[in-house]
Every structure is written in structure tokens, then in C-alpha cells.
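The exercises below are meant to be worked through with the sequence and the 3D view side by side. Try each task before reading the solution that follows.

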Amino acid sequence: LTTETDAETIANYSDPAYVLGGWSPLLSPIVLVQPEPAEVDHGGTATFNIKVAAIPAARLQWLRDGEPIVGAHDAVFTVEQAKAEDAAVYSVLVENEAGTALSHEAKLFVR
């Protein structure tokens with residue numbers, strides 16, 4: 001028999017598995033912050049952001065005109081030294097074991 005001290009009990013409350021008695025809920029991805037359109041000068045930098053809620057954590061895949069961008073899996077996607085060819089529609093596919101979501105489309109304009 002193990003007896004927890006008050007400090008141990010309080011510390012364990014930061015662990016959802018402890019609070020939920022080992023039950024792990026599932027939450028299909030929800031996009032909380034959508035990527036916004038951007039306009040940059042040729043050679044400039046454009047940054048797109050997304051924020052999601054998901055349990056377990058979601059996997060992100062940035063898309064350019066609907067096609068996956070190799071290596072683009074973070075909540076922030078940056079186009080550096082923008083060229084005319086970078087002008088496109090960007091979005092994010094978000095998925096976990098509970099489901100998938102697709103962000104709104106955000107167009108990049110390069111002047």
C-alpha cells in the first residue's frame with residue numbers, strides 16, 4: 001500500500017492520466033487558429049501559422065495548391081526569399097488517430 005503526500009497528489013494533477021484514472025480521451029483535430037493570407041515583395045519572407053487542439057497530438061502537413069510540401073510539419077511555415085513561383089494557396093492537413101481536419105486556404109501574393 002502506497003500513501004501519497006499532499007505534494008505528490010498535487011504534482012500528479014498535472015498528468016491527465018492520473019486525473020482521469022488512466023483513461024485517455026480522444027479528440028479529433030480542431031483548427032483553433034487558421035492560416036491567414038499574406039502579401040510580400042519579391043525576395044521577402046511570408047510566415048503562415050496554425051494552432052490546433054487534438055488528443056493525441058496531431059500530425060501536421062502543409063500543402064501548396066493541395067500538394068504536400070516535403071518536410072513541412074510544424075505549426076509555422078515560412079516562405080523565405082519569395083519568388084513569383086511561390087504565389088500559391090497554402091493550407092494544412094491535420095490528423096491523428098481520432099480523425100482529420102483541413103485548414104482554411106491562405107493565398108500568398110508575391111509582388
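Helices (H or I, at least four residues) and strands (E, at least two) are DSSP runs, numbered from the N terminus. The model is a predicted one, in which local features need pLDDT of at least 70 and side-chain atom pairs count only at pLDDT 80 or more, whereas totals for chains, interfaces and linings use all residues. Residues are numbered from 1 along each chain as its sequence is written, and side-chain values use heavy atoms, with hydrogens and water left out.

**Exercise 1. Summarise the protein as a whole.**

Solution. Count the elements, which are two helices and ten strands, and then read them along the sequence, where the pattern is α-α-β-β-β-β-β-β-β-β-β-β. Of the 111 residues, 28% are buried. Among contacts between residues at least 6 apart in sequence, 60% join residues at least 24 apart.

**Exercise 2. Describe the aromatic pair of Phe 77 and Tyr 90.**

Solution. Rings of Phe, Tyr and Trp (its six-membered ring) pair if their centres lie within 6.5 Å, and planes under 30 degrees apart count as stacked, over 60 as edge-to-face and the rest as tilted. The structure holds four such pairs. In the pair of Phe 77 and Tyr 90 the ring centres are 5.8 Å apart and the planes stand at 35°, so the pair is tilted. This pair links distant parts of the chain, since Phe 77 belongs to strand E7 (residues 76-79) and Tyr 90 to strand E8 (residues 89-96), 13 residues apart. Both Phe 77 and Tyr 90 are buried.

**Exercise 3. Examine the backbone at Pro 56, Asp 65 and Gln 81.**

Solution. Start with the peptide bond from Ile 55 to Pro 56, which is cis, with omega near -5°; Pro 56 sits in the loop between strand E4 (51-55) and strand E5 (59-64). Asp 65, although not a glycine, has a positive phi of about 50°, and its place is the loop between E5 and strand E6 (67-68). With a relative accessible area of 48%, Asp 65 is partly exposed. Gln 81 is likewise not a glycine and has a positive phi of about 50°, this time in the loop between E7 and E8. Gln 81 reaches 61% relative accessibility and so counts as exposed.

**Exercise 4. Which strand gives the most to the nonpolar patch?**

Solution. First name the members: Leu 27, Ile 30, Leu 32, Val 33 and Ile 55 make a nonpolar surface patch of about 390 Å². Strand E1 (residues 27-33) gives the most, with four residues, and Leu 32 is placed in this strand.

Definitions and conventions:
Buried < 20%, exposed > 50% of the residue type's maximum accessible area, 1.4 Å probe, protein only. Contact = heavy atoms within 4.5 Å. Patch = residues over 30% accessible without salt bridge, like charges linked within 9 Å, V, L, I, M, F, W, Y side chains within 5 Å. Areas by Shrake-Rupley, 256 points an atom, 1.4 Å probe, with all protein chains shown as cover. Salt bridge = Lys/Arg side-chain N within 4 Å of Asp/Glu carboxyl O.
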